[in-house]
Structures are given as C-alpha cells and as structure tokens.
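Q: I am new to this structure and would like to go through it step by step. Could we look at it together?

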Amino acid sequence: MTAHRLNRALKSVPKTVPIATIYGRLMRVNGLMLEAVGCQLGLGERCVIAGRDGQEIEAEVVGFDGPSLMLMPLNQTRGLMPGARVLPLANDQQVPIGQGLLGRVLDGSGVPIDGLGPLSHCQLVSTTTQVPNPLLRRPIEAQLDVGVRAINSMLPIGKGQRLGLFAGSGVGKSVLLGMMTRYTQASVVVVGLIGERGREVREFIEHALGEEGRRRAVVIAAPADTTPLMRLRAAKLCHQIACAFRDQGQDVLLLMDSLTRYAQAQREIGLSLGEPPATRGYPPSAFSTLPSLVELAGNSDNANGSLTALYTVLAEGDDQQDPVADSARAILDGHIVLSRKLAEKGHYPAIDINASASRVADLIRTPEQLQMGQTVRRLLGRYQEVKELLPLGGYQPGQDAELDKSVKCYPVFEQFLTQKQFDSVSLAESDQQLESLLEAVNSA
C-alpha cells in the first residue's frame with residue numbers, strides 16, 4: 001500500500017522541477033571593486049547584481065579573498081545597495097560571427113550601437129580563442145598593400161605581421177589609420193576604438209573611415225567613459241572577430257586604437273585588486289597581459305587566411321621610452337613612429353622613417369628593393385646630421401659628397417614621403433616611384 005501511494009505521488013510531480021537558485025550578497029563597494037559572498041564562482045566567470053528599480057548590472061570575477069569574491073562591473077554601478085542579490089550566470093558567453101557584422105558598430109559585449117537593428121547572418125560562437133601553436137603558424141611570405149607610399153616602399157608590412165604605430169596626441173594617427181582602413185587590400189577590416197574620446201568614435205567612422213571603408217569593416221567601440229572591464233572586453237572582442245574571419249580563409253586587417261588604453265584599463269583593475277605599482281604606476285599584470293592579447297593576432301595554420309594587426313601606442317609627452325611603448329616595441333614585429341616635428345611642418349603622414357622599422361622586410365622584399373630603401377634611409381639620416389646648421393649658415397658644402405647629395409635631394413625625399421589623405425598609392429606604384437626617385441637622386 002505504501003509503495004502504491006508513493007508511485008502515485010511521484011507521477012503527480014511535474015517532470016521538470018526548477019532547480020533551486022543560489023544567490024550571493026553584495027557586501028562592499030570600494031571604488032571600482034565590488035565584494036560579494038555566498039556564491040561559488042571562478043575567475044573570469046560572470047554574475048548579475050540586482051540594483052534599484054529592477055536594474056541589473058553585469059559583473060565579472062577578477063579576484064577573491066577567502067570566501068569573498070572581487071567583482072568588476074561591466075557598466076556603471078548606479079543604484080547598487082548593501083545586500084543586493086548576486087546571481088551567477090552561465091559561463092557559455094558567446095559572440096556573434098558572420099558577414100552580417102560588416103558595416104556595423106558594436107560595443108564591448110558585441111551589442112550593436114549604430115541604431116541599425118539586430119545583427120543578421122551571424123552565428124554565436126564561444127569566446128574562447130586559443131593562441132595558435134607557434135610551430136604551426138604559417139610564415140610571413142607576402143607583402144600587404146596598404147595604399148600608403150611611405151609604408152609600402154620604406155616600411156613594408158607582411159600579411160600576418162603585428163606592427164605598432166607609436167605617436168603622441170595630435171600628430172595624424174587617426175588620419176593614417178583611416179587611410180589604411182580604406183586602401184588596404186584586405187577582405188575584412190576590424191577596427192577597435194578602445195578608451196578614446198566618445199566624440200572621436202563618430203568622427204572616425206564618418207570622416208576617417210568613410211562610406212567605402214565602412215562597408216567591409218567591423219567597428220568595436222568602448223570609449224573612455226566605459227568601465228575598465230568593458231574596455232578589456234572590447235579589445236578581446238576585436239581579436240576574436242578578426243581570428244574568426246581569418247580562420248574562414250580571409251585576409252583580415254586589425255586596427256586597434258589603442259594598446260596603451262588597454263594597458264591602462266588593466267592598470268585600473270590591478271591597482272583596485274591591491275597589486276603594487278611597478279613602473280610609473282603600472283602593476284605587473286598590465287605588462288603580462290599584453291603578450292597574451294597580441295599573440296592572438298598573426299597567421300595561424302590555415303593555408304589561406306591571414307591576420308595583420310596594427311596597434312597604436314600613445315607616447316605620453318612624445319616619450320618613446322614610455323613603459324607601455326617600450327614593452328610593446330619588444331613584443332611586436334616592427335614599429336612606425338609619427339613625429340610631432342614633421343606634423344608641425346605639414347608633413348603628412350608624419351612618419352619618421354629613420355626611427356621606424358619593419359622586422360619582416362627581409363622576408364617580403366627583394367634584395368634590390370631592400371637596397372633602394374636603405375639608400376633613401378641612409379641619405380635621410382645624413383640630412384638629420386646637419387639640418388640644425390642649415391638655417392644658421394653653419395653647413396659648408398663641398399667637403400662630403402654624400403652629405404651634399406642628402407641636403408640637395410631632401411625636398412625630393414619629402415615630396416615622396418608625403419601623401420594626401422584621400423589619395424591611394426598602390427604597392428606597384430610605390431615601387432615604381434621609389435625607383436624613379438633614386439634615378440633622380442643618382443643623377444643629381
């Protein structure tokens with residue numbers, strides 16, 4: 001009789017009984033850091049904190065202290081109250097990937113912010129992107145045409161190279177990025193605007209990028225007023241989207257502006273967790289995360305796709321020995337330096353050829369092309385030796401033939417290295433004009 005009643009009771013129970021939900025509690029808010037207890041979460045896992053008036057604030061676990069979890073909010077923390085409920089989220093975070101991303105503007109979470117409606121022709125994939133095995137990476141063998149004469153001829157960029165654009169503020173960095181976005185021979189361009197002023201986001205999209213460049217570009221924007229965690233997410237989202245297109249066999253150009261803002265966001269999180277400041281206020285984690293991000297770019301074992309990355313690095317006060325700049329220079333495959341002195345003279349793009357270098361030039365240029373570039377570089381260097389003496393009349397020609405040639409031909413070099421914003425110079429045209437330039441120099 002007891003067994004019969006038990007079977008009848010079991011049949012009356014719904015087959016899908018909801019599992020009990022375990023909430024934690026918000027115990028403390030200390031600057032950017034939130035402290036919660038009562039829920040089991042690991043590093044990198046997410047949760048939602050209930051705010052006032054039904055508002056929900058997403059946060060991520062960035063550390064722990066005993067039973068207390070250290071959380072970093074994804075958005076602003078207005079409306080949080082003591083004892084607010086903390087609900088763990090499923091850890092299957094996904095990002096949209098597909099051709100429907102082209103021409104769209106997303107935030108750091110992959111949500112469209114351009115007012116064009118939801119994404120279409122996209123599928124959700126896991127956010128876990130693995131760094132390719134270094135022994136399986138396809139080597140850099142071909143040059144990428146970026147449409148900028150000074151770079152194509154003097155600082156060649158290879159398909160799969162990771163390059164740094166080092167510049168202070170107001171020297172034409174965004175203009176050069178816009179030129180490369182429009183003119184680079186790549187199937188997809190992924191642009192990450194990380195930590196920049198909100199005004200610059202729209203200006204870059206409408207003026208620097210333009211309608212033509214936007215059609216094949218994906219823009220991820222996390223302005224300076226967003227939280228440090230959102231800026232970190234936006235930087236990682238740029239690489240995840242770029243890697244996905246690369247693995248589909250397409251040639252991808254990734255432009256991230258800037259790597260310095262990414263390091264500064266990591267600095268804010270590290271200092272909030274109690275890390276000691278090591279170099280100019282940066283904790284060790286700010287430098288250890290840079291290689292893990294940069295190594296996602298580059299070629300993979302796919303025989304067809306490529307991922308070329310260009311990272312802007314802000315030289316604070318035009319100091320090229322800034323700790324972030326110095327660290328980035330060591331982990332990248334080359335660097336392009338923009339000079340304020342050249343920009344003040346109206347020399348655009350303001351690329352300092354002698355201070356810049358491409359570490360893969362020997363792999364993608366012929367010996368004859370390398371020799372031509374080295375000749376121009378040497379003559380530009382000789383001109384730098386005496387340029388301060390020229391206005392003072394302290395230079396006396398006739399004592400050094402090569403120095404005389406560099407002074408006489410410098411206006412020709414300057415004309416060759418400048419280019420208007422909306423002019424495109426292909427790789428073949430760049431090489432032809434470089435050859436014509438050296439013929440004119442040798443006949444001088």
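Q: Where does Ser258 lie?
A: Ser258 lies in the loop between E15 and H6. Helices (H or I, at least four residues) and strands (E, at least two) are DSSP runs, numbered from the N terminus. This is a predicted model, in which local features need pLDDT of at least 70 and side-chain atom pairs count only at pLDDT 80 or more, while totals for chains, interfaces and linings use all residues. Residues are numbered from 1 along each chain as its sequence is written, and side-chain values use heavy atoms, with hydrogens and water left out.

Q: What is the peptide bond from Asp257 to Ser258, cis or trans?
A: That bond, from Asp257 to Ser258, is cis, with omega near 10°. Most residues other than glycine have a negative phi, and most peptide bonds are trans.

Q: And which is the bond from Tyr348 to Pro349, cis or trans?
A: The bond from Tyr348 to Pro349 is cis, with omega near -10°. Pro349 is in the loop between helix H9 (340-344) and E18.

Q: What about His121, is its phi positive or negative?
A: The phi of His121 is positive, near 55°, in a residue other than glycine. His121 belongs to the loop between E8 and strand E9 (123-126).

Q: Changing topic, into which domains is the chain divided?
A: The protein chain is divided into domain 1 (9-88), domain 2 (94-364) and domain 3 (369-443). These bounds come from an automatic or database domain assignment.

Q: How far apart do the centres of domain 1 and domain 3 lie?
A: Their C-alpha centres lie 63 Å apart.

Q: Which strands close into a barrel, and in what order?
A: Six strands do, in the order E1-E2-E5-E4-E3-E6, with antiparallel pairing. The twist averages 45° from one strand to the next. Two strands pair if DSSP finds at least two bridges between them. Axes are lines fitted to C-alpha atoms, for helices over the stretch in contact, and angles run from 0 to 180 degrees between N-to-C directions.

Q: How many bridges join E4 to E5?
A: Strand E4 (residues 56-65) and strand E5 (residues 68-73) run antiparallel and are joined by six bridges. Within this pair, Ala59 stands opposite Pro73 in E5. Helix H5 (residues 228-247) packs on the sheet and touches strand E3 (46-50), E4 and E5, where contact means heavy atoms within 4.5 Å. The direction of H5 makes about 90° with that of E4.

Q: What is the order of the open sheet?
A: The open sheet has eight strands in the order E8-E14-E13-E15-E16-E12-E17-E18, with mixed pairing. Its edge strands are strand E8 (105-106) and strand E18 (357-358), each pairing on one side only.

Q: How do E13 and E14 run, parallel or antiparallel?
A: Strand E13 (residues 188-194) and strand E14 (residues 217-222) run parallel, joined by six bridges. Val190 has Val218 in E14 as its bridge partner. H4 packs on the sheet, touching E8, E13 and E14, and its direction makes about 170° with that of E14.

Q: What volume does the largest pocket have?
A: Its volume is about 810 Å³. On a 1 Å grid over the protein atoms alone, a pocket is an open set of points where a 1.4 Å probe fits, with protein on both sides within 12 Å along at least five of seven lines; lining residues have an atom within 4 Å of a point. Grid points are joined across faces, edges and corners, and a volume is the space filled by probe spheres set on the points.

Q: Which residues are closest to the centre of the largest pocket?
A: Of the 27 residues lining the largest pocket, the closest to its centre are Glu60, Leu232, Arg233, Lys236 and Gln240. H5 gives the largest share of the lining, six residues.

Q: Why does the largest pocket lie between domain 1 and domain 2?
A: Domain 1 (9-88) and domain 2 (94-364) both give residues to the lining of the largest pocket, so it lies between them.

Q: What about the second largest pocket, which element gives the most to its lining?
A: H4 gives the most, with six residues. The second largest pocket has a volume of about 440 Å³.
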